[in-house]
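Here are my notes on the model, in the order I'd go through them. Have it open while you read.

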Amino acid sequence: MSVVRGPVTSGERFSEPLRFESLDSTNEELRRRLLDGRCGDGSVVLADRQTGGRGRLGRTWESPAGNLHLSIARRMHEHPELSAAMTLVTGQALASALEDSYELRPEIKWPNDLLLAGRKLAGILVEGHGHWQIIGVGVNVGVECTDLPPELRSRATSLREHLGLAPEPAELAARFLDAFAPLETDFLTHGVLDMALWTRYWGDRGRR
């Protein structure tokens, strides 16, 4: 059952998000809805808690309430090479939203992670399903890093840890969607990344 805790504005590009208390995966929920025709281009799913999320190389994880778990659906009309680069566009949009909202400067770690002070803050998973693309975004917002498994404590961080408080995930969702929409349009129109943003947030400079 979807739950609403106030509006998430995202302009004309995205529909009002479907919100859930708990999902196995926001990407998987969108995939199910695409298969049976219950959503379309610009559909957005948010979950307070995620119990079966996926990452690159099939990695799985659970993420508690208080973090951001968001997925968007987009119909692919562009050349496949542009579709494949949408992970990078998403990273730029998320980094911009975080800096504009909270005056933090995350780094994009190729190809799909955002780091803050060298530790993982967010992850992005883009999946193709026929003519559809599902973009999943997860951000550690309110999690206490001391509550993470010991092997993750030194490698992960959260907005709470850097800000001293946990922002509302729905607010961050709205800011991300507002940042993503114009970057998506610009990228698909010109076929190149915003290199000023890429230079600003690229964290792998000088690394193997």
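1. Just after α3, Glu103 takes a positive phi of about 55°. Helices here are DSSP runs (H or I, at least four residues), numbered from the N terminus.

2. Before going on, the ground rules: this is a predicted model, where local features need pLDDT of at least 70, side-chain atom pairs count only at pLDDT 80 or more, and totals for chains, interfaces and linings use all residues. Residues are numbered from 1 along each chain as its sequence is written, and side-chain values use heavy atoms, with hydrogens and water left out.

3. Now the helix pair. α3 (residues 86–102) and α6 (residues 169–190) pack at about 135°, with axes 8 Å apart. The axes are lines fitted to C-alpha atoms over the stretch in contact, and angles run from 0 to 180 degrees between N-to-C directions. That makes α3 and α6 oblique to each other (under 35 degrees is roughly parallel, over 145 roughly antiparallel, 65 to 115 roughly perpendicular, and the rest oblique).

4. Who meets whom? From α3 the contact takes in, among others, Met86, Val89, Thr90, Leu94 and Tyr102; the α6 side includes Arg175, Phe176, Phe180 and Leu188. Contact means heavy atoms within 4.5 Å. The residues of this contact split into 14 nonpolar, 3 polar and 3 charged (Ala, Val, Leu, Ile, Met, Phe, Trp, Tyr, Cys and Pro count as nonpolar, Asp, Glu, Lys and Arg as charged, the others, Gly among them, as polar).

5. How enclosed is α3? Of its 17 residues, 16 are buried, so the rest of the structure largely encloses α3. Buried means under 20% relative accessible area, with exposed over 50% and partly exposed in between (1.4 Å probe, protein chains only).

6. Thr90 sits in α3 and, at 0% relative accessibility, counts as buried. Leaving out residues up to four places away in sequence, Thr90 touches Ile124, Ile135, Val137, Phe176 and Phe180.

7. Then Trp198, in helix α7 (residues 195–201). Its relative accessibility is 9%, so Trp198 counts as buried. Not counting residues up to four places away in sequence, Trp198 touches Leu88, Gln92, Ile108 and Trp110. Trp198 and Ile108 are 90 residues apart in sequence, yet 8.4 Å apart in space, C-alpha to C-alpha.

Note on methods. Helix = DSSP H or I, 4+ residues; strand = E, 2+ residues; numbered from the N terminus.
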